[in-house]
Amino acid sequence: MNHATRVLAAVLTLIPTALLAQGVIVAPTAVFIDHSTRSGSITLYNPGERPVEVTVSFGFGYPTTDSAGAITVEVADSAPAGQPAATAWLQAFPRRVTVGQQERQTIRILGSPPAGLPDGEYWARLIVGAKGGQVPVAGVPDSGAISVGLTLEVRTVIAVVYRKGALTTGVTLAPMTASYAQDTVSVRLPMTRTGTAAYIGTARLRVVDARGATKAEDERALGVYYTLDPRVDIPVGPLAPGSYKVYVTISPDRADLPPKVPLPAAPVRDSVGFTVK
Amino acid sequence: MDATQWLPTVLVGVALLAAPSALPAQSVTGIRNLTFGTVIPGVPTTVLQNDAARSGQFRIAGVIVRNVTISFTLPTAMNGPLGATMPITFSNTSAGFTTTFQPNTPFNPNTPYNETVWFSATITLGGRVNPSPTQRAGNYSANIIMTVIFL
């Protein structure tokens, strides 16, 4: 998918119900801060027809996988001991703001790390809470009726990465597994990060039959902070009995991030076979 | 599709393209409140997550393909007049996840839910209120928070 298509898709999907929406658009999709500037920013945009109250705070968390290969992030208010957390010394300005209808607001993020901070990468999660104006519950109390309604508040959580010094990253891939069921090929990608920084990249997968014909392709954004063993489900439709292979390439690039953000690393390639009976 | 549906898309799309920050972005928005309407004392009322008019509705958009974790902060009671409260519960099928490529899939809003969003997704939420036979008349309300973690 080229850039124009991506932008069009993003535009078409961002605002289908803008007039009614209680929330804000948050850009970019992750914040990377270099120690030399110690600052970054995000832009908020309210596409709705009502002002939105926005709060900005920080938490700590990174992607992990469960035994089934589902990726999740548990965000805590503070980081466990020993983690490279930036949570305690990042600040957002302003932390609370009302974004008017169809208005834009920049939030500055400043890092004030302790003196003597060792070279390395430090992580946090930015939490953007948005609350629209209260919608009155319908009904007249004096009538003796009981009316019930619940209002919605949304929180968007994105990664913040603070980098100091020369960093390296990479990923190793343990033997993969692949299986086919219900018109879907499921692949497990057991990865371990190397180096001194999280591996930000993309996994591209291609399912081919015994003659080398491509049956399906897929790609997934990756953030390997320590280890990650995600299950990638690739819809392929009905497959004839026979032998198939899944070719995987993991490379340090991401369609949703500027090219300089992912640290350089050699691509990792591997394949795994499976049989359809 | 009438103009109220597509016009905002066009207007905001133009604004995004014209903006200096036409960067990849994501949005999480509350589209429609969860509304039980008028309920009868002593009679439990359930709104299904796929109720087209009364279920709560959220939307995740602006991504190409992203794994997300969706979690809810849900009330156990609603606040009414003069300190009155009314219990509210959410079952393991009270929420639903729908994308262009995936039909409505019920899930439990009481625990974090992991999914892959392709371009956009709609999350719906129902629930059940249980007014007592002597429930005080008036308006009852509470707040629901949906948190979406972009992985």
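A nonpolar core is a set of buried Ala, Val, Leu, Ile, Met, Phe, Trp, Tyr and Cys residues joined through C-beta atoms within 7 Å; buried means that 20 or more other C-beta atoms, placed from the backbone, lie within 10 Å of a residue's own. The model is predicted: local features need pLDDT of at least 70 and side-chain atom pairs count only at pLDDT 80 or more, while totals for chains, interfaces and linings use all residues. Residues are numbered from 1 along each chain as its sequence is written, and chains are lettered from A in the order in which they are written.

**Core**
- The largest nonpolar core has 101 residues, and V24(A), V26(A), A124(A), V160(A), M146(B) and V148(B) have the most contacts inside it.
- Strand β11 of chain A (residues 146-164) gives this core its largest share, 11 residues; strands are DSSP runs of E, at least two residues long, numbered from the N terminus.
- Beyond four places in sequence, V160(A) touches V31(A), A86(A), L90(A), I109(A), A124(A), R125(A) and L126(A), a contact being C-beta atoms within 7 Å.

**Sheet in chain A**
- Three strands form an open antiparallel sheet in the order β12-β15-β18, where pairing requires at least two DSSP bridges between two strands.
- β12 (169-173) and β18 (227-228) are the edge strands with a single partner each, so one side of each lacks a neighbour in the sheet.
- Five bridges join β12(A) to β15(A) (residues 191-195) in the antiparallel sense, and V171(A) has R193(A) as its bridge partner in β15(A).

**Chain B**
- Chain B has one helix (a DSSP run of H or I, at least four residues) and 11 strands.
- Of its 151 residues, 44% are buried.
- Among contacts in chain B between residues at least 6 apart in sequence, 72% link residues at least 24 apart.

Technical notes. Buried ≥ 20, exposed ≤ 12 C-beta atoms within 10 Å, placed from the backbone. Contact = placed C-beta atoms within 7 Å.
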